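Please keep the sequence and the three-dimensional view side by side while reading. The paragraphs below go from the whole chain to its sheets, then to its cores, and end with some individual loop residues.

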Amino acid sequence: MLKIVFLYVFIYGAANDVLARSHGKRNKWHDGGKIVGGTETNITSYPYQVYVEVLRGVLSYGCGGSILSDKYVLTAAHCLTGVSRVRVRAGSTSASSGGTRYTTFLYKIHPDYDPITSDNDIGIIRMVRKMTLDGVNTRAVALPSADTVIDEGQNVVVTGWGATSEGGSSSDTLMVVMVPVVSLQSCNETYSNSITPRMFCAGYEEGGKDSCQGDSGGPAVDETTGEQLGVVSFGRGCARPNVPGVYTNVVEFLDWIAENTSS
């Protein structure tokens with residue numbers, strides 16, 4: 001499953017290497033695309049969602065992202081590694097048309113991102129020109145407070161254009177699925193004790209619903225508050241029984257996000 005650096009006043013730049021769940025969801029298990037077991041939806045229901053097309057030379061692949069402001073998009077670090085350009089499509093239910101497309105080469109990955117373990121899998125894209133946020137098709141996502149606790153059993157809503165089945169094709173229409181948070185202890189039993197406090201896991205014991213390749217970098221928001229709690233990071237296959245998906249825990253990165261989106 002799948003899962004850079006800008007050069008402004010702090011190290012924004014461009015160029016590295018990205019494999020993982022980019023056209024897909026998660027990095028660590030190189031399994032990669034779309035929401036599994038979900039339903040089609042409309043961008044007006046999730047106007048913070050954007051489609052992120054990542055270019056590396058002549059190759060390109062898709063990820064998801066969420067609008068932080070008219071200048072910044074939140075995504076996964078593994079989506080940005082080694083890329084030369086990023087195209088962000090905002091305000092469209094379709095991944096391939098509609099809305100407005102913004103091209104940039106400015107981005108930043110977390111300095112402690114580990115491509116082997118997928119720890120600190122979070123990145124920020126900076127727009128060259130401001131996005132238009134109309135409040136209907138495009139708006140910023142709400143972030144949680146620093147004291148937010150992500151509880152076992154809590155439902156998160158995940159959106160994206162990734163694959164609808166493991167190894168399947170990506171969707172051109174925005175998809176949505178809701179999955180419950182799984183305890184870190186249980187998730188560590190599945191992932192050989194590799195899940196850190198900077199991650200959380202979500203999925204059904206019976207499987208059937210999950211994010212997948214192509215969903216990488218997309219948001220997982222609290223069902224009740226609408227606050228973004230997670231970023232699609234990695235997983236073993238898609239929607240397998242007793243194998244939850246893994247998400248970057250946004251609560252652990254609020255200071256880093258604030259520091260890198262203040263200009």
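A residue is called buried here when its relative accessible area is under 20%, and exposed when that value is over 50%, with partly exposed in between. By this criterion, buried residues make up 59% of the 263 residues in the protein chain. The model is a predicted one, and its protein chain holds 3 helices and 14 strands.

Which residues have the most contacts inside the largest nonpolar core? They are Val52, Leu74, Val86, Val88, Ile125 and Ile257, in a core of 39 residues. Two or more residues of this core come from each of β2, β3 (59-67), β4 (72-75), α1 (77-80), β5, β7, β8 (123-126) and α3 (254-259). The core also draws at least three residues from each of domain 1 (47-139 + 255-261) and domain 2 (141-251). In soluble globular proteins, nonpolar side chains tend to be buried together.

Ile125 gives a detailed view of these surroundings. If its neighbours within four places in sequence are left aside, Ile125 is in contact with Val52, Lys71, Tyr72, Val73, Thr75, Leu80, Val86, Val88, Thr104, Leu106 and Tyr107. A second, separate core has 15 residues, including Val156, Val177, Ala202 and Tyr247.

Several other strand pairings can now be followed. Strand β9 (residues 155-160) is mostly covered, with 5 of its 6 residues buried. It pairs with strand β10 (residues 175-182) in the antiparallel sense over 6 bridges, and Asn155 has Pro180 in β10 as its bridge partner. Strand β9 also pairs with strand β12 (residues 219-222), again in the antiparallel sense, over 3 bridges; here the bridge partner of Val158 is Ala220 in β12.

Strands β11 and β14 run antiparallel and are joined by 4 bridges, with Phe200 standing opposite Tyr247 in β14. Strands β13 and β14 likewise run antiparallel and are joined by 4 bridges, and the bridge partner of Val231 in β14 is Thr248.

Beyond this strand, the loop between β14 and α3 contains Val250. Is Val250 buried or exposed? Its relative accessibility is 0%, and therefore Val250 counts as buried. Leaving aside neighbours within four places in sequence, Val250 is in contact with Leu74, Leu143, Pro144, Gln228, Leu229, Gly230, Val231 and Ile257. Among these contacts, Leu74 and Ile257 were named above for the largest nonpolar core. Val250 and Ala146 are 104 residues apart in sequence, while their C-alpha atoms are 9.6 Å apart in space.

Most residues other than glycine have a negative phi. Ser192, however, has a phi near 55°, a positive value in a residue other than glycine. Its place is in the loop between α2 (184-190) and β11 (199-202), and Ser192 counts as exposed because its relative accessibility is 60%. Ala239 also has a positive phi, of about 60°, although it is not a glycine. Ala239 is found in the loop between β13 (228-234) and β14 (245-249), and at 12% relative accessibility Ala239 counts as buried.

Methods:
Residues are numbered from 1 along each chain as its sequence is written. This is a predicted model: local features need pLDDT of at least 70, side-chain atom pairs count only at pLDDT 80 or more; totals for chains, interfaces and linings use all residues. Side-chain values use heavy atoms; hydrogens and water are left out. Buried means under 20% relative accessible area, exposed over 50%, partly exposed in between (1.4 Å probe, protein chains only). Two strands pair if DSSP finds at least two bridges between them. A nonpolar core is a set of buried Ala, Val, Leu, Ile, Met, Phe, Trp, Tyr and Cys residues joined through side-chain atoms within 4.5 Å. Domain bounds come from an automatic or database domain assignment. Contact means heavy atoms within 4.5 Å.
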